[in-house]
Amino acid sequence: MSKKDRRSSQDFLSLRIVFLALGDETRQLILLTLLEQEPKEFRVNEIAQHTYLSRPAVSHHLQILKNAGLLQI
């Protein structure tokens, strides 16, 4: 494997967590909900009210989005 191939593989693996986070429709819904609202801080219960999710489910998905670097909580 060439140095370029190894780098491409490493780049993909480093982005894998982002792809996995964005591959879930529920997390896409949360992101869209956040993007469609005026810029402000949202509480978990406010996000739950805009979606079909419970507060624990919203918290779980927000943590995944945060770990992927897509949100700052």
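Biologist: From the N terminus on, in what order do the elements of the protein chain run?
Modeller: This is a predicted model, in which local features need pLDDT of at least 70, side-chain atom pairs count only at pLDDT 80 or more, and totals for chains, interfaces and linings use all residues. Residues are numbered from 1 along each chain as its sequence is written, and side-chain values use heavy atoms, with hydrogens and water left out. Helices (H or I, at least four residues) and strands (E, at least two) are DSSP runs, numbered from the N terminus. The chain has four helices and zero strands, and the order is α-α-α-α.

Biologist: What is the radius of gyration of the protein chain?
Modeller: The radius is taken over C-alpha atoms, and the globule rule is 2.2 Å times the number of residues to the power 0.38. For 73 residues the rule gives 11 Å, and the chain is well over that, so it is more spread out than a compact globule. Along the principal axes, the C-alpha atoms fill a box of roughly 50 × 20 × 15 Å. The radius of gyration is 15 Å.

Biologist: What percentage of the residues in the protein chain is buried?
Modeller: Buried means under 20% relative accessible area, exposed over 50%, and partly exposed in between (1.4 Å probe, protein chains only). The chain has 73 residues, and the buried share is 25%.
The C-alpha atoms of Leu 15 and Ala 68 also bear on the fold: the two residues are 53 residues apart in sequence and 8.4 Å apart in space. The buried share, again, is 25%.

Biologist: At what angle do helix α2 and helix α4 pack?
Modeller: Axes are lines fitted to C-alpha atoms, for helices over the stretch in contact, and angles run from 0 to 180 degrees between N-to-C directions. Helix α2 covers residues 25-36, helix α4 covers residues 55-67, and their axes are 10 Å apart. The angle is about 85 degrees.

Biologist: What does that make α2 relative to α4: roughly parallel or roughly perpendicular?
Modeller: Angles under 35 degrees count as roughly parallel, over 145 as roughly antiparallel, 65 to 115 as roughly perpendicular and the rest as oblique. The pair packs at about 85 degrees. That makes α2, relative to α4, roughly perpendicular.

Biologist: Which residues in α4 does α2 meet?
Modeller: Contact means heavy atoms within 4.5 Å. From α2 come Thr 26, Arg 27, Ile 30 and Leu 31. In α4 they meet Val 58, His 61, Leu 62, Ile 64 and Leu 65.

Biologist: How far apart are the C-alpha atoms of Ser 8 and Ile 73?
Modeller: Ser 8 lies in helix α1, residues 3-22. Ser 8 is partly exposed, with 42% relative accessibility. Along the chain, Ser 8 and Ile 73 are 65 residues apart, and their C-alpha atoms are separated by 30 Å.
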